[in-house]
Amino acid sequence: MDSVQMVAHIEKSLDYSVFDVKWIPCSAKFVAIGSKPKGTGILQVYQLNQGQLETVRQMEKPKSFKCCSFGASKLREMQIALGDFDGKLAIYDVERLGEPVYEVSDAHKGIINTLDAIGGTTVNCGAPEVVTGGRDGSVKVWDPRQNAVPVAHISASGEGPAEKRDCWAVGFGNSFNSSERFVVAGYDNGDVKLIDLKMMKEQWTTNVKNGVCGVEFDRKDIQMNKLVVSTLEGGLHVFDMRTQHPEKGFAQLTERNAGQSLGTNGVISGAKSTVWTVKHLPQNRDIFVSCGGSGSVRLWLYHYPAKRVNQIAEGEVCGVPGSLEMLNATTLSTQPVHTFDWSPDRQGLAVCGAFDQTVRVLVTTNLHLH
């Protein structure tokens, strides 16, 4: 009875491909965005009501929506940042859908694959900003209080297609005061780059050998602690970000079975599949979920080592990786579960979207015991 269980509380089939889902803070509502069969973008607001999902608001636009975030919005404003297939970045008030409150029509050349936002709800966390990563290989940081010019633009130095890698994942971190802030970006060739926005320089880079599908710090608004990176072919990497060695970088833990499917007896088996995304539990930064291409969802608990730092030479230290414990594994769909979001207000409440054109509201029990 003390074990962690994740169950699908509500399932709803959609008439469009869902690409992203996000809870609206301080509410029992969430947003689902995606693409209609005719190629238009759709945004729907759902509300939980006695075990059912009610559509309370929706918006349709000419181009498909790819990614979204409430991270740069104040709680009272409920403004969602959206990236679409045509390279447009827009921010809408979900209570009054219509004209955007902020828009950059040519933020990227081609699809905005990914975005993250910060600064809206956290005290002393710095300016509200949105970071976007595109198929054009560039990563851009936007301040919605300024006109349509990025406050930072990170791209490869070369001009040829070989130098411009497709950016698949971005995330904010290390924003523990009004001046410090980092961006992490993951690319289709396995590159992971850490950018110091205060100093405007590349702090660290590594390669995890497979295309990077998801990146997330365990908390955005603290000094860097842990970073989780998910990839194609079942890769899941946890980096201890507290100690950086000049040559070895950050201590790394790799989980080999994160993308494999579950057999009928609950045993992990089968070929390695993509780990599409990772999301840390808002109420406990050491618990996170990974979503696999086999329709599986896994819940992990990170255990810190007895010592987080080893002295390897005079005045030279390196980090020590911890270990992962799988708290629960379940299969929700026959298609990949590619987007997931925890409720920031109710521990264990979550929503996910899969390629079977279904959104599922999930309930996870006994998280408070870990």
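The dialogue below treats each feature first in general and then in this structure.

Me: What kind of model is this, and how are its residues numbered?
Reply: This is a predicted model, in which local features need pLDDT of at least 70 and side-chain atom pairs count only at pLDDT 80 or more, while totals for chains, interfaces and linings use all residues. Residues are numbered from 1 along each chain as its sequence is written, and side-chain values use heavy atoms, with hydrogens and water left out.

Me: How do β3 and β4 pair, parallel or antiparallel?
Reply: Strands of a sheet pair through backbone hydrogen bonds, either parallel or antiparallel. Strands are DSSP runs (E, at least two residues), numbered from the N terminus, and two of them pair if DSSP finds at least two bridges between them. Here β3 (residues 29–35) and β4 (residues 41–49) run antiparallel and are joined by seven bridges.

Me: Which strand does β4 pair with over nine bridges?
Reply: That strand is β5 (residues 52–61), again in the antiparallel sense. Q47 has E54 in β5 as its bridge partner. The hairpin of β4 and β5 has two residues between the strands, and Q50 takes a positive phi near 50 degrees.

Me: What is the strand order in the open sheet of four strands?
Reply: The order is β24-β25-β26-β29, with antiparallel pairing. Neighbouring strands are turned by 25 degrees against each other on average, direction ignored; the axes are lines fitted to C-alpha atoms, and angles run from 0 to 180 degrees between N-to-C directions. Between β24 and β25 (residues 284–292) there are six bridges, and H280 stands opposite F288 in β25.

Me: How many aromatic pairs does a search of the whole structure find?
Reply: Rings of Phe, Tyr and Trp (its six-membered ring) pair if their centres lie within 6.5 Å; planes under 30 degrees apart are stacked, over 60 edge-to-face, and the rest tilted. The search finds eight such pairs. W23 and F30 are edge-to-face, because their ring centres are 5.5 Å apart and their planes stand at 70 degrees. Together with Y46, they form one aromatic cluster. Buried means under 20% relative accessible area, exposed over 50%, and partly exposed in between (1.4 Å probe, protein chains only). W23 is therefore buried at 3%, as is F30 at 0%.

Me: Which ring lies under the charge of K66?
Reply: A charge sits over a ring if NZ of Lys or CZ of Arg is within 6 Å of the ring centre and within 35 degrees of the ring normal. K66 lies over the face of F19, at 5.8 Å from the ring centre. The charged end of R181 sits over the ring of F172, 5.6 Å from its centre.

Me: How many disulfides does the structure hold?
Reply: A disulfide is a pair of cysteine sulfur atoms within 2.5 Å. The structure holds zero. For C213, the closest cysteine sulfur is in C291, 12 Å away and so too far for a bond. C291 is likewise in no disulfide, with the nearest cysteine sulfur, that of C352, 6.5 Å away.

Me: Is V337 buried or exposed?
Reply: V337, in strand β30 (residues 337–342), is buried because its relative accessibility is 0%. Beyond its neighbours within four places in sequence, its contacts (heavy atoms within 4.5 Å) include W276, C291 and C352.
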